[in-house]
Structures are given as C-alpha cells and as structure tokens.
Amino acid sequence: MIHHLLTPSLLQSLSLIHIFKGLIMTVARFAPSPTGYLHIGGLRTALFSWLWAKKMGGKFLLRIEDTDMARNSQEALVAIIEAFEWVGMDYDGEVIYQSQRFDIYNQYIVRLLEESKAYKCYMSKEELDALRESQMKAGERPRYDGKYRDFDGTPPLGVEPVIRIKAPQEGRIIFRDGVKGEIDIAADEVDDFVIARADGSPTYNFVVAIDDALMGVTDVIRGDDHLYNTPKQIVVYNALGFALPNFYHVAMINNEQGKKLSKRDGATDVMEYQKLGYLPEALLNFLVRLGWSYGDQEIFSVEELQTIFEPKSLSKSSSNYNLDKLLWLNAHYIKNKTNAELAQLLHPFGIDIREHDERELLLDATKERGKTLVELAEQIMMILKAPESYDEKAVKKGFKADSKETLLDFITMLEGWDKALHLPCDYHNVLEHFVATKEIGFGKIGQPLRIALLGSMTGSSLDEIMAIIGTKETADRVKRAIALL
RNA sequence: GACCCUUUCAUCUAGUGGCCAAGGAUGCUGCGUUUUCAUCGCAGUCACAGAGGUUCAAAUCCUCUAAGGGUCGCCA
C-alpha cells in the first residue's frame with residue numbers, strides 16, 4: 001500500500017538527501033590576500049567556488065586575508081569587487097577582514113595555551129637559522145625541532161617569544177582531497193609551526209583554519225600551492241575541535257611556455273581583459289575550461305555552469321594559458337551578441353553608434369571580423385572614416401593604370417542612378433549593372449573600389465560599405481583616392 | 001637537499017581494464033561558400049613520458065626511472 005502513496009515527487013521532497021541538504025548547506029569562499037588587483041588565476045579559483053556554491057544552492061563568502069598590515073586591503077577589495085562586477089559574480093553577506101578579527105584569534109591562542117596545546121617558544125631567529133642550515137646539510141627537511149615544546153625552565157632574556165602549536169610527532173596526517181585524492185604525509189613533516197608572532201599577531205595557517213570553521217565553510221577550493229598548508233591547518237582544526245571541510249586543490253595555470261604565469265606574460269589582472277576588448281562571458285568560459293571539463297563540451301553559459309559544475313571533474317595537472325582559444329571564444333561571443341548590445345559595449349572603445357542610423361548594417365557587416373571589441377572598433381572606424389592612407393601592397397596589387405578611369409565611370413553611373421539607393425542590394429545592382437555594361441571582370445572595379453573606400457584590400461563587402469556611407473561619401477572617397485594615388 | 005603533487009596531439013581536454021589501431025575543441029594545412037577578407041561548412045595534420053610487471057586483455061592497475069611543478073618563513 002505504501003508503495004502506491006510514495007510517488008516519485010513525494011519521495012524527492014521527503015528524501016533523506018533533501019533533508020540533509022537543508023541541514024548542511026554548502027558554503028564556499030574566496031579568500032584572496034590583498035595584492036591590489038584580481039589575478040586571472042584567482043578569478044578562476046573564485047569562479048570554481050562560486051559556481052559550486054550556486055550549483056549546491058549554498059553560499060559564497062568573501063574574506064580578505066590581510067593579517068599583514070603593510071598592505072592596503074581596502075584598495076584591494078575595491079579591485080576585487082570591480083572585477084567580480086565585471087564578470088557578473090557576487091558574494092553573500094559582508095566581506096570579512098582578518099585584520100578586524102584579531103581579538104577572536106587571540107581568544108583561541110589563549111585557549112590553546114591554557115590547554116597546553118600551544119606553547120611559547122624563545123628560540124631566536126639566529127638560532128633558528130642555524131638549525132635549518134644544519135638540517136639542510138644533513139639532508140633533512142628543515143623544521144623546528146621542538147626545543148621549547150615541553151620547556152619549563154627560565155626563559156632566556158631578551159627574546160620575545162612566539163607561540164607555536166603542538167603538532168603530532170608521530171603517525172600520519174591523511175586527508176581526502178576532492179581533486180588529488182588521498183594525501184598522506186608523515187606527521188613529523190609538520191613541525192610545531194608559529195601561530196602567533198613575537199608581536200602577538202596571528203599567522204596565516206592559524207587564522208585560515210579558524211575563519212573557515214567560524215564562517216561555516218564546508219568546501220575549500222583553492223590553488224594547489226596550498227596543498228602543503230592543509231596538514232598544518234588540520235592540526236589547528238583538530239586542536240580546536242573543529243570539523244574538517246572538504247578540500248579541493250586546483251592545479252595552477254602556467255603561461256603558454258608551461259612556466260609559472262607572471263606579469264611578463266601579459267595580462268594577469270582581470271580588468272586588463274576588459275580594456276583589451278574581451279567579453280566577460282568569454283573570459284569565464286575560457287577559464288572554466290582550463291582545468292575543468294564536461295565531456296566534449298566547449299561552450300558554456302554561466303547559467304548552465306551554475307547547474308552542472310562539479311569540482312570532482314577538476315583536473316589534477318596544471319594547464320597552460322592558451323590565447324588562441326580565448327580569442328576564439330571571444331569571437332564566438334561577439335558574433336552572438338545582438339547589435340544593440342554590441343553598440344553599448346563598443347562605447348568605451350571610442351565608438352558611439354548607439355544612435356547611428358545604420359547601426360544594424362554596420363554591425364552586421366563587421367561583427368564577424370573582430371576577435372575583440374578593440375578589433376571590432378577598428379573595423380567600424382575603417383568604414384565610418386575615410387582612409388587617411390592607402391595600404392601600399394594593396395595599391396600595388398589592386399590599383400592598376402586603368403583603375404582611375406574605371407572608378408570615375410562607376411561613380412558617374414552611381415550618381416546618375418535613377419532609383420533610390422538604400423540597401424546593400426541596391427548597390428549590388430549598380431555594381432552588377434556596371435560590370436555587365438562595361439563587360440569587365442568584377443576584380444577590375446572591386447579591388448580599386450575597395451582600396452578607395454577602405455584603403456585596404458580586405459574588409460566588409462562593398463555593397464554593405466556603400467549602403468552604410470551612402471552615395472555621396474562613396475563618390476567623395478573615390479575622388480579623393482583618384483587624386484592621391 | 002627533503003617531502004608532496006603531476007605526466008594523453010603544439011595547446012585545452014575526453015577516457016575510471018575490453019566500446020580506443022585513442023574522441024572533441026583550439027591552432028595549423030588544404031578544399032568549398034564568399035566579388036576580397038572574415039564567418040561558415042568539409043577534410044587533413046598531430047598524442048597515451050620511458051622501462052618492467054599483473055591480466056586472456058592496460059592509456060586505464062602495480063613498481064621503478066625520467067621530466068615538470070609545489071612546499072620547506074615570526075608571507076599569504
């Protein structure tokens with residue numbers, strides 16, 4: 001009987017998974033350190049986290065890792081928000097600044113000290129350096145030797161102590177990484193690391209663990225340069241009795257030569273892509289496919305990604321930045337924009353054709369010829385403005401001795417045309433009629449005309465160009481070319 | 001130096017023991033469409049890092065080697 005009552009939809013709404021999801025919401029986060037701009041690699045990690053949170057119906061939080069007070073975190077935040085806005089990403093709740101949470105961290109330091117899970121270490125920097133050096137020489141991994149771990153004597157004078165946490169001295173630290181699989185490290189590889197500096201300020205690996213736990217972060221997606229920090233953070237989680245989140249360590253992006261991406265490789269700041277004429281949807285599509293895949297699919301809208309993204313299909317190995325593919329994607333997204341959208345997007349690139357009479361024609365004639373908005377703007381300018389110079393090679397090849405006469409004959413026919421000339425097909429008729437009556441090949445008029453109108457051998461179709469600029473401007477440009485060439 | 005991670009076409013990747021003499025995409029080359037260029041369509045080019053094992057069967061599992069990367073801070 002019960003079977004009949006439990007319809008699939010009823011089952012779904014009653015299912016354990018549903019209830020479970022309601023209890024434990026996915027909380028992802030992006031936690032950049034304030035560098036002043038958002039790095040392209042950072043955007044990708046943020047994107048992965050954001051998509052995952054969206055897909056799970058969870059939250060995506062933003063936290064600024066500014067325990068190092070020297071850098072201006074406010075300025076950095078503005079840059080990050082600007083980039084987020086440009087690509088259409090958002091975050092939930094208030095931005096958290098670690099610099100404003102020192103009292104919280106201090107409470108935990110006091111607690112660990114009281115529980116003797118942490119201790120004061122009086123080792124001087126010189127002593128520490130010497131220790132490391134001798135360990136290196138002995139072929140060991142350099143690490144603090146635990147000298148003050150169980151110290152109860154008289155502390156040396158003149159040394160402000162740091163606070164170190166007691167890391168396990170034997171056994172293994174094992175955790176499951178959602179990308180790399182099981183990570184297994186000997187516990188003694190992790191030394192008693194510093195959780196508070198001599199001036200009392202807390203350190204990175206300590207505050208990250210605390211904040212992630214306090215913010216309820218369930219899924220930590222970050223670059224795999226943090227892989228080795230994870231066991232340290234696990235030590236903190238364990239000492240404080242916090243539940244571990246899921247970790248996903250994403251492999252890095254290298255440059256086209258396979259080396260670490262640096263400023264020398266060109267655009268690393270997300271906002272540079274805007275200036276270079278890339279569309280945010282192209283950038284995101286490009287980045288998401290760098291280290292992540294979904295079968296054979298290449299083109300993804302953000303909306304679709306929000307329903308299909310899974311960090312488990314993240315790649316384990318690093319990937320190379322590939323400009324050709326970005327360009328291809330950008331061209332794809334430009335082609336698929338409406339002309340009204342393009343006119344709007346072009347405005348910051350010095351082209352205002354939002355109210356232009358021939359806006360539709362102009363963009364139809366050019367949008368397949370620009371891989372970036374910058375290139376598209378150039379294409380449009382070529383049509384809108386009479387050429388200031390004529391490409392030498394083109395003239396040599398396409399502007400022959402008899403070209404001037406042919407052109408003159410053509411504009412005579414054009415100006416004497418008895419029907420109205422508006423559409424590309426109207427001009428097409430003139431051109432066809434001209435070629436037919438003169439009994440010449442199309443190249444005889446096509447090439448010189450193109451050079452006269454654009455100054456170049458390549459570009460949009462002549463019909464379209466003439467329809468956009470009109471009969472008078474066509475004639476003017478032809479006359480000018482005849483005079484100059 | 002120690003520890004950890006990675007390794008499929010030039011590049012991004014599919015691939016979880018037989019469907020793989022390895023698929024898609026970008027790039028490149030050619031052809032077609034186009035009065036040019038571009039777009040588009042079609043075709044071609046190109047890879048399992050190497051060596052051993054396990055198995056009837058290995059890109060897929062194991063071992064070693066090599067190469068690349070990361071980490072070893074009172075930076076994050």
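In the predicted model, α13 contributes the most to the surface near RNA strand B, supplying four residues. In total, RNA strand B is surrounded by 57 residues, of which R197, Y228, E368, R369 and F442 are the closest. Among the atoms of RNA strand B that come within 4 Å of the protein, 67% belong to sugar and phosphate. When the residues of this surface are divided by class, 25 are charged, 17 polar and 15 nonpolar.

A backbone N or O atom of G139 is placed 3.4 Å from a sugar or linking oxygen of RNA strand B. Base oxygens are also approached: a backbone N or O atom of S461 lies 3.2 Å from one, and a polar side-chain atom of D463 lies 3.3 Å from a base oxygen. Two or more residues of the surface near RNA strand B come from each of α7 (125-137), β5 (162-165), α8 (204-214), β12 (319-320), α13 (323-335), α20 (442-454) and α21 (462-484).

At least two lining residues are supplied by each of β1 (27-30), α4 (40-55), α8 and β9 (219-223), and α4 gives the most, with four. The lining of the largest pocket consists of 14 nonpolar, 10 charged and nine polar residues.

Methods. Residues numbered from 1 in each chain as written. Chains lettered and ligands numbered in written order. Predicted model: local features only at pLDDT ≥ 70, side-chain atom pairs only at ≥ 80, totals over all residues. Heavy atoms only, no water. Near = heavy atom within 4 Å. Polar contact = N/O pair within 3.5 Å; in protein donor to acceptor, adjacent residues only side chain to side chain. Nonpolar A, V, L, I, M, F, W, Y, C, P; charged D, E, K, R; others polar.
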